[in-house]
Amino acid sequence: MPTTATAPRDWKFRLLHREARPRRLILEGHASPPYERPYHDELFFYAVVGLDFLSLEVSRDFDGERLLDYLFAQLGAPEEPPRIQVGGRQDEEEGALLLVEWRFPAGGRPAMLRRLEEIMGQSLEK
C-alpha cells in the first residue's frame, strides 16, 4: 500500500492557520478520515513543529484516536504514549485532548517538515 498522501485510505488535511515563528511552525486545521463520519463537526488539530520536536493535540474520541494511529504508522511511534488533558472538571471527559510528541534530531527538522507535507498533501510554506 502506498504511503503517500494520495493513497485512498489516507486522511485529508485542511489548514486553517499557519504561523511561522523563528523557532516554531504552528499549524491549526481540520482532519478528515477516509471513512464516513456519522456527525458533521470536523476533527480539529493543533500542531507545533519546533527545532527538534513535533507536538500534536487532537480530540480524545474515536476519530482523534484513529488519526493518531494513522500518524504513528506514517511517522513511527513516539517515545512516550499520548497524554490526556481533560478540560473543565476533572471527573468529566468532555473536551478531553490527546497530546503526543515526536522527537527528532535537531538537524532533522527539514526532513520532518517534508514528511508532514507528504502526509498533509500540501506545502507548509506560506
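Ser55 touches Tyr46, Ala47, Val48, Val100 and Glu101, leaving aside residues up to four places away in sequence; a contact here means heavy atoms within 4.5 Å. Ser55 is buried, with a relative accessible area of 18%. Buried stands for under 20% relative accessible area, exposed for over 50%, and partly exposed for what lies in between, using a 1.4 Å probe and protein chains only. Ser55 belongs to strand 4.

The model is predicted, so local features need pLDDT of at least 70 and side-chain atom pairs count only at pLDDT 80 or more, while totals for chains, interfaces and linings use all residues. Residues are numbered from 1 along each chain as its sequence is written, and side-chain values use heavy atoms, with hydrogens and water left out.

The protein chain has two helices and six strands. Helices (H or I, at least four residues) and strands (E, at least two) are DSSP runs, numbered from the N terminus. Read from the N terminus on, the elements follow the order β-β-β-β-α-β-β-α. Of the 126 residues in the protein chain, 37% are buried. Among contacts between residues at least 6 apart in sequence, 53% join residues at least 24 apart.

The six strands form an open sheet in the order 1-2-3-4-6-5, with antiparallel pairing. Its edge strands are strand 1 and strand 5 (83-85), each of which pairs on one side only. Two strands are said to pair if DSSP finds at least two bridges between them. On average, and with direction ignored, neighbouring strands of this sheet are turned by 20 degrees against each other.

The sheet can be followed pair by pair. Strand 1 and strand 2 pair in the antiparallel sense over eight bridges, and a hairpin of four residues joins strand 1 to strand 2. Ala20 has Leu25 in strand 2 as its bridge partner. Six of the eight residues of strand 2 are buried, so that strand is mostly covered, by the definition of buried as under 20% relative accessible area. On to strand 3, strand 2 is joined by seven bridges, and the two run antiparallel; here His30 is the bridge partner of Phe44 in strand 3. Strand 3 and strand 4 pair in the antiparallel sense over five bridges, with Phe45 opposite Val58 in strand 4.

Strand 4 pairs with strand 6 in the antiparallel sense over seven bridges, and Ser59 stands opposite Leu97 in strand 6. Strand 5 and strand 6 also pair in the antiparallel sense, over three bridges. In that pairing, Gln85 has Leu97 in strand 6 as its bridge partner.

Now the helices. Helix 1 covers residues 62-75, and at 1.5 Å a residue its 14 residues should span 20 Å; its end C-alpha atoms are 20 Å apart, which agrees. The expected span of a helix is 1.5 Å times one less than its number of residues. At the start of helix 1, a side-chain oxygen of Asp61 reaches to within 3.2 Å of the backbone nitrogen of Asp63. After helix 1 comes Gly76, with a positive phi near 90 degrees.

Which residues of helix 1 are buried? They are Asp63, Gly64, Leu67, Leu68, Tyr70, Leu71 and Gln74. These residues cover an arc of only 160 degrees around the axis, which puts them on the same side of helix 1. The arc is that of the directions from the helix axis to the C-beta atoms. The buried residues of helix 1 pack against strand 1 (12-20), strand 2 (25-32), strand 3 (43-49), strand 4 (53-59), strand 6 (97-103) and helix 2 (109-120).

Helix 2 has twelve residues and reaches 16 Å from its first C-alpha to its last, close to the 16 Å expected at 1.5 Å a residue. Its buried residues are Arg109, Met112, Leu113, Arg115, Leu116, Ile119 and Met120. Seen down the axis of helix 2, these fall within an arc of 160 degrees, so they line one face of the helix. The buried residues of helix 2 pack against strand 1, strand 2, strand 3, strand 4 and helix 1. Just after helix 2, Gly121 takes a positive phi of about 70 degrees.

Note on methods. Polar contact = N/O pair within 3.5 Å; in protein donor to acceptor, adjacent residues only side chain to side chain. Axes fitted to C-alpha atoms, helices over the stretch in contact; angles between N-to-C directions.
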